[in-house]
Amino acid sequence: MAVKVRIPTPLQRLTQGKEEVEGIAGTIIDLVADLEKRFPGIGERISESGKIRRFVNIYVNEEDIRFLKAEDTVVKDGDEISIVPAIAGGM
Amino acid sequence: MGYVSGLKCRECGREYPVDPIYVCEFCFGPLEVVYDYKQIKKVLTRKSIEKRDQNLWRYKELLPIDGEPQVGLKSGFTPLIRADNLARELGVKELYVKDDTVAHPTLSFKDRVVAVALTKAREFGFDTVACASTGNLAHSVSAHGAKAGFKRFVFIPASLEPSKIVASLVYEPNLVAVDGNYDEVNRLCSEIANKYNWAFVNINIRPFYAEGSKTQGFEIIEQLGWKAPDNVVVPCASGSLLTKVWKSFKEFRKIGILKELETKVFAAQATGCSPIAAAIKQQTDVIRPVKPNTIAKSLAIGNPADGFYALQVVKETGGYGEDVSDGEIIDGIKMLARTEGIFAETAGGVTLACAKKLIETGKIQKDETTVLCITGNGLKTQEALNGHTASPHYIKPNLASFEEILKKIGYK
C-alpha cells in the first residue's frame, strides 16, 4: 500500500492521463520530488524552489496542508492526497 | 462582435485561446480575459452607453461574450443611493450605497456574474450548469438557469441557513447539501468538475463569470456622473469582487471614459474569517488560510483564491483592510436599515461596520466621497438578527390598549 495521489486535469497530460498515481511516504516535498522522477515536469508545476506554488492547494485526507505543516507535512502509506488548483467563489 | 482576444495567466503570462478553462496548465495561476481595448475605445463611450437599456449589458463590449447577451437581460443597473442620513451618523460629507439588495432576479450581486457566466456557457454549448455556493450564487444559478433552460447542479454547505436553502429549492435545481464548509464544498466541486463536462460557473467558467462583477464598478462610475469616488469599500470572501471593481475603474480610465482615477480600495471582512484583512494589517504578501467562524456566511471563505490580488489592489491604491465582529456586523445591518431604509444581508453589515471603523481611524477622510458596496438582501439571512431586533408592541384590540403603548413610548 502506498500513498494515493489524485491528479487534477491540467496535470494529467504528464501522468499519461492517469487521474490517480501512487506516491511515497514521507514529507510532501519529498513526495513531489519523487513524482518528478517518474513524471518529469510535474515537480515544477506544483512547486518552486522547495515551496508549493501559491495557487496550488494540497490536501492530505481532505485537510489543507497549510493547516498541517505545509511542505513538511508527513504522509504515510494509505493516506490520500489531492492536488487542487485554487478556485474562486463568494465575493 | 466580441472584443476578447484570449485568456492569459495572471502569474506567468502564458496565453490561451477562449475555452472553458480556468487555470494555467503550467503554473496553476488563474486565467484572466484579455480584451482589445483599442477597438472597444472606438465603440464604447459615455454617449453610446447612455443610449442603452438600463441593465448590466449596457457595458457589453467590456464583458467576455462573443454574441448577443442571452441570460439576465434585466440584471444589474441597481440604484446608487446618496446616503445622507448614514453620512450624518458616521460624520462624513458624501456617502453612497451601491444597492445590490435589489438585484434582479435573486437580490444579490451574484445575478451579475451568473448572467455573464450562463451566457458564456450557452456560447460554449453546455447544457448543464453547476456551482459551489454559500447561498447567493446558488440562488442565482438556480433562477437564471431555470429561465434559460439549463440542467442545474448546485452544491452548498449543509449548514446554510434554512431560508437560503428554500430560496434555491423553489427553482427546482438538483441541490446537493454537502456535509462540510464552503472550502470543502469547493474542493469536492473541483474534483467533480474534472470528471463531468458541465459549466461550473465558479470553476471552469470562472474567468468569464468573474468579469460580471465589473458591472458593479462601471455602474458606480456612471451613476456618480462619470466620476470615480475617493474611496470604495468592498466586502471580501475570495477577493474577486474587489479586484474586479478596481479592474472596472481602470478599464474606464483606459478607454477614456474616466479622466482621473485616484480611488482608494478598502477590503471589508468578518473577524471570524479575515485572511485578507489580516495580511493587509500584517503587511505580508502571504494569505494564511483560516477555518471560518462568522455569521457572515456569504463571506466565509477561509482560503481566498483571489486574496493575493485583492491585497495587491489595496496596496496599489493606498487603501486598507478592516474586520469586524459578529456583534458589529449586526449593528451594521441595523444602522443601514435605520438610517437608509436598506435591509442588507450579513455581508452588508460587514461592509458598513468596516467603513465605520475606517472612518473612525481616519483611514477614510471625512471630507471625501465614499461608496459602500452592499451586495445582498437581508431577507436572505434574517436568522442572523434573531434576538437582536426590537419586539413588537402586543396589545388588546381596543383603543385604550393602543394608547397605553403611545404613552409608554412617549409618542407626541
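Q: Is B:Val154 buried or exposed?
A: In this predicted model, B:Val154 has 24 C-beta neighbours inside 10 Å. A residue is buried if 20 or more other C-beta atoms lie within that distance. B:Val154 therefore counts as buried.

Q: Which residues does B:Val154 touch, not counting residues up to four places away in sequence, and in which strand is B:Val154 found?
A: The contacts of B:Val154 include B:Ala130, B:Cys131, B:Ser133, B:Ala138, B:Val141 and B:Ser142. B:Ser168, B:Pro173, B:Asn174, B:Leu175 and B:Val176 are also touched by B:Val154. B:Val154 itself is found in strand 7 of chain B.

Q: How many Å separate the C-alpha atoms of B:Val154 and B:Gly135?
A: These two residues are 19 residues apart along the chain. The separation of their C-alpha atoms is 9.7 Å.

Q: In which sense do strand 7 and strand 8 of chain B pair?
A: Strand 7 covers residues 151-157 of chain B and strand 8 covers residues 174-178. B:Phe153 stands opposite B:Asn174, and B:Pro157 stands opposite B:Val178. Over five bridges, the sense of the pairing is parallel.

Q: What is the hand of the β-α-β crossover from strand 7 to strand 8 of chain B?
A: Strand 7 and strand 8 of chain B pair in the parallel sense. Between them the chain passes through helix 6 (residues 162-169) of chain B, and the crossover is right-handed.

Q: Why do the buried residues of helix 6 of chain B line one face of the helix?
A: The buried residues of helix 6 of chain B are B:Lys164, B:Ala167 and B:Ser168. They pack against helix 5 (136-148), strand 7 and strand 8 of chain B, while B:Pro162 and B:Val166 on the other side of helix 6 are exposed. Seen down the axis of helix 6, the buried residues line one face because they fall within an arc of 100°.

Q: Which strands stand at the edges of the open sheet of chain B?
A: The sheet has four strands in the order 8-7-6-9, with parallel pairing. Each edge strand has a single partner strand, so one side of each is left without a neighbour in the sheet. The edge strands are strand 8 and strand 9 (199-200) of chain B.

Q: What angle does the direction of helix 7 of chain B make with that of strand 7?
A: Helix 7 (residues 182-195) of chain B packs on the sheet. Helix 7 touches strand 6 (128-132), strand 7, strand 8 and strand 9 of chain B. Its direction makes an angle with that of strand 7 of about 145°.

Definitions and conventions:
Residues numbered from 1 in each chain as written. Chains lettered and ligands numbered in written order. Predicted model: local features only at pLDDT ≥ 70, side-chain atom pairs only at ≥ 80, totals over all residues. Pairing = 2+ DSSP bridges. Helix = DSSP H or I, 4+ residues; strand = E, 2+ residues; numbered from the N terminus. Right-handed = clockwise from strand over helix to strand, strands pointing away. Buried ≥ 20, exposed ≤ 12 C-beta atoms within 10 Å, placed from the backbone. Contact = placed C-beta atoms within 7 Å. Axes fitted to C-alpha atoms, helices over the stretch in contact; angles between N-to-C directions. Arc of directions from axis to C-beta.
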